[in-house]
Amino acid sequence: MHRLISLRSKSNSLKSLFNPLKSPQKHSISADGSSCFHQSWSLLASKGCFNWVSSYGLWKNCAKMTNFQKNQGFVRRFSSEAQRESIEYDVVIVGAGPAGLSAAIRLKQLCSEKDVDLSVCVVEKGPEVGAHILSGNVFEPRALDELLPRWKEEEAPVNVPVSSDKFWFLTKDRAFSLPCPFDNKGNYVISLSQLVRWMGIKAEEFGVEIYPGFAASEILYDANDSVVGIGTNDMGIAKDGSKKDTFQRGVELKGRVTLLAEGCRGSLSEKLVKKYKLREKGHAQHQTYALGIKEVWEIDESKHKPGAVLHTLGWPLDQKTYGGSFLYHMKDRQLSIGLVVALNYHNPYLNPYEEFQKFKHHPAIRPLLEGGTVIQYGARTLNEGGIQSIPYPVFPGGAIIGCSAGFLNVPKIKGTHTAMKSGMLAAEAAFGSLREGTSLESYWETLRSSWIWDELHRARNYRPAFEYGVIPGMAFSSLEHYILKGRSPFTLKHGKPDHEATNAARLHSPIEYPKPDGVLSFDVPTSLHRSNTNHNHDQPAHLRLKDPKIPETMNLPEYAGPESRYCPARVYEYVSDENSQLKLHINAQNCLHCKACDIKDPNQNIEWTVPEGGGGPGYSVM
């Protein structure tokens, strides 16, 4: 059974402008929150305007475009094919995740409260809202309570309360129960991709324009070097750089304020952090990351315990590698299981994907999965630097919000509630800047006086304590948690950046991983199929080598080609050429958009850029 959500008509000119489309399309939203938004591109020739149109959002703006004189703060500029068309908004938000949608909703709430109208758009590179969202996720509803207090009555997909909380230390054959350091009372086991779909619907009800399938590929600047919006990438470019018959120029989305909510290691956010020296301005250390690899299983009903939560440390990771696993019992016999591996690991032979496959065979884990079926697979990096690594989040013309800035609480293993709150605070600062003449810098001030800062300050020493190994890290973090309660008179620093932590291969022995059995463990192609990953093969590679010689001259001889192992999608392979010499081959179409390569490459030679909009994974229950 599907319920249909119709897009609102924005002006009386809609019918005349959209004659070629007959009638506006609708979204089909299934009862479980998954969506079937269809990306149908049409070429409009009406009124001399050639424009590609997304069934989710862009057609709504064309109605505005023909009548923009009546809409303050919204301007459409028509141009020749050689130039991009430009649409102007009051606020442009990049990324339809928890932070971006929270910011959009909060802006529209303030508009309603103050009886003003600000135009707000959200651009999302995924083919639909939620398609690129992956998280554990034990959800703390604190920020949602503040943003949408009636979320229960409005049927948010947050309905499996945590029922039990266990913490194990694993050896190869045993599981030792430890006192649980987590306090998950009042929290919920959820699918974050489903939650953001629901938030996308709520945002539209408030009047937010959402454009899925559009990848923000560049920052736009004015003559004063201030950010004035983003540009989406061109569509229909062949792999050789030529224009295909389907070629369409990207569009400029200009905003008086631009908010970047790209998630962990956002490509545009990273550029702005460097350009404006935001890490130096905020006296922040480098960011440190982990790679999370996850599957959702459907298990036997007799083994399913809705709301049961389990975290583990130890095996299969060695004593010098920080990481752990999670198992969350969701609804409908679904089990969320994953392994998180800190990317400052030393051994270049370590393969996080294979470590996860091995983990599922542990005697304490295997019985739970036996007889079950994998529904979906995915991977994503996460920020673990904490408060020490948060850059100054305000730049001329906008701000960085959510995981792009890095608000994950490591000991809680939660970042959704802090990301949402950061988006709300940035929205309030943006509203004040646009309507009341206050400074956007107030975002930094309110952030530091909010419960986000207090929470992250108390958690600040947990992650860097594990620089000294798993056992010393557990000992110190227990002292921090149970005795000092986050009130240490000092703040620990992080070690080397993740890419510098990789040792030379000669210092380690290759790791022999067991072959997948096709029952509990699987090869990468099988898992990729379950991620619904899809890219147009005939497009320029979005994974770029700054120096194409480095893989063969440095990474392979010095580090034994680690990119073939740290990537959880087999994007990078060393294959023999006609002279039997190993050369790096990039399977860009496999990319899960996890960003591990951008982080872990020892020589920082790989640059992750956005592919054509709509490409990548297609998560529905992650």
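Tutor: Happy to! Let's start with Cys-111, which counts as buried because its relative accessibility is 4% (buried means under 20% relative accessible area, exposed over 50%, and partly exposed in between, with a 1.4 Å probe and protein chains only). Before going further: this is a predicted model, in which local features need pLDDT of at least 70 and side-chain atom pairs count only at pLDDT 80 or more, while totals for chains, interfaces and linings use all residues. Residues are numbered from 1 along each chain as its sequence is written, and side-chain values use heavy atoms, with hydrogens and water left out.

Cys-403, at 27% relative accessibility, is partly exposed. Its sulfur has its closest cysteine sulfur in Cys-264, 6.7 Å away, which is too far for a bond. A disulfide is a pair of cysteine sulfur atoms within 2.5 Å, and the count by this rule is 0.

Now to the largest pocket, whose volume is about 730 Å³. A pocket here is an open set of points on a 1 Å grid over the protein atoms alone, where a 1.4 Å probe fits, with protein on both sides within 12 Å along at least five of seven lines; lining residues have an atom within 4 Å of a point. The volume is the space filled by probe spheres set on the points, which are joined across faces, edges and corners. Of its 29 lining residues, Pro-181, Phe-182, Pro-411, Lys-412 and His-481 are the closest to the centre. Helices H12 (451-458) and H14 (470-484) each supply at least two lining residues, and H14 gives the largest share, 6 residues. Helices (H or I, at least four residues) and strands (E, at least two) are DSSP runs numbered from the N terminus. By class, the lining holds 12 nonpolar, 7 polar and 10 charged residues (Ala, Val, Leu, Ile, Met, Phe, Trp, Tyr, Cys and Pro are nonpolar, Asp, Glu, Lys and Arg charged, the others, Gly among them, polar).

Some loops deserve a look at their backbone too. Trp-315 and Pro-316 are joined by a cis peptide bond with omega about 10 degrees, and Pro-316 sits in the loop between strands S17 (308-314) and S18 (323-329). Arg-333, in the loop between S18 and strand S19 (334-342), has a positive phi of about 65 degrees although it is not a glycine. With 31% relative accessibility, Arg-333 is partly exposed.
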